[in-house]
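Let's walk through this structure together, beginning with a pocket and moving on to some charged pairs. Please have a look at the fold before reading on.

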Amino acid sequence: MRPALRLLAVASKPASKFLEPGAPTGITGLFTHSAPRSTLLYLYSSTLEKLQTLPESSVYRQSAEALTRHRMSIIERVKPAGLAEWQTRVAQTVDAHPEAFRKIPITTQSGEKEYNVVWKPSAQEGVETAPEWDDEAPGKPMMEGPRSEEDQIQQLGRMARDPVEEHRVIPRIEPEPSLTAEQVQEIEGEVGSGLIEEVIQVAEGELELVHKMAEAKVWEDLEEKPAEGQWTYFERDTHTGTTQAS
């Protein structure tokens with residue numbers, strides 16, 4: 001149903017083999033993503049990496065890993081034309097700048113080792129993506145008054161940064177070849193969770209969630225033990241065949 005919304009949104013435009021970045025998707029406030037494949041690969045690989053910090057016995061880790069690996073395999077199988085040639089062209093720059101790029105290894109069914117190249121968002125810190133603002137940018141409030149020596153050192157470090165110069169030295173590579181509209185529809189059909197832009201939003205939320213779960217250490221015992229029967233809501237009465245509150 002939702003892929004049809006995208007078709008209706010672009011029905012007035014000439015047919016194209018590729019989706020136009022920034023074009024309406026048919027869902028209010030959601031626009032066509034410029035690089036959905038590499039974005040999803042980065043989000044899924046980051047989620048799997050963070051999940052490794054949780055205990056293997058964690059049910060949340062087991063289920064999240066299974067779902068993430070399944071969806072990642074779908075993305076990996078759908079390759080845009082010219083992907084291998086593009087990887088060869090950018091290989092030298094990518095290998096020389098591991099701080100800016102991530103190489104995600106995959107193993108094909110034939111056993112050959114391949115990889116996908118994605119940007120590390122942290123490498124683009126300091127890049128101006130919004131119009132200039134003539135007032136102080138909102139941010140986390142800072143405490144007034146005397147600070148510890150450690151806080152002072154951190155503050156001096158932040159003040160000494162030159163975001164413009166940092167951005168200037170970020171290496172540039174040509175973008176990964178685009179998926180065709182047909183390939184995007186193929187991914188959407190296999191994932192089965194709406195438009196690929198919606199899948200990206202879900203992946204972003206899943207990555208944020210695993211960070212919060214790791215921070216909260218949800219696998220540990222509660223500091224305050226629950227009262228006996230606190231988590232028992234309903235039990236089936238086998239004698240009468242009815243369900244009653246315990």
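First, a word on the ground rules. The model is predicted, so local features need pLDDT of at least 70 and side-chain atom pairs count only at pLDDT 80 or more, while totals for chains, interfaces and linings use all residues. Residues are numbered from 1 along each chain as its sequence is written, and side-chain values use heavy atoms, with hydrogens and water left out.

Let's start at the largest pocket, which has a volume of about 680 Å³. Its lining comprises 30 residues, and those closest to the pocket centre are His33, Ser34, Ala35, Ser38 and Thr39. A pocket here is an open set of points on a 1 Å grid over the protein atoms alone, where a 1.4 Å probe fits, with protein on both sides within 12 Å along at least five of seven lines; lining residues have an atom within 4 Å of a point. Grid points are joined across faces, edges and corners, and the volume is the space filled by probe spheres set on them.

Two or more lining residues come from each of helix H2 (36–51), strand S2 (113–119) and helix H8 (196–216). H2 gives the most, with six residues. Helices (H or I, at least four residues) and strands (E, at least two) are DSSP runs, numbered from the N terminus. By class, the lining has 18 nonpolar, seven polar and five charged residues; nonpolar covers Ala, Val, Leu, Ile, Met, Phe, Trp, Tyr, Cys and Pro, charged covers Asp, Glu, Lys and Arg, and the others, Gly among them, are polar.

Now to the charged pairs. Side chains of opposite charge can pair when their charged atoms come close. The whole structure has eight salt bridges, each a side-chain nitrogen of Lys or Arg within 4 Å of a carboxyl oxygen of Asp or Glu.

Arg102 is buried, at 19% relative accessible area (buried is under 20%, exposed over 50%, partly exposed in between, with a 1.4 Å probe and protein chains only).

Another joins Arg77 and Glu190 at 2.6 Å, N to O. This pair links helix H3 (residues 59–77) to helix H7 (residues 181–191), 113 residues apart. Arg77 is exposed at 52%, whereas Glu190 is partly exposed at 36%.

Finally, Lys212 and Glu208 form a salt bridge, their closest N and O atoms 3.4 Å apart. Both lie in helix H8, four residues apart, about one turn of the helix.
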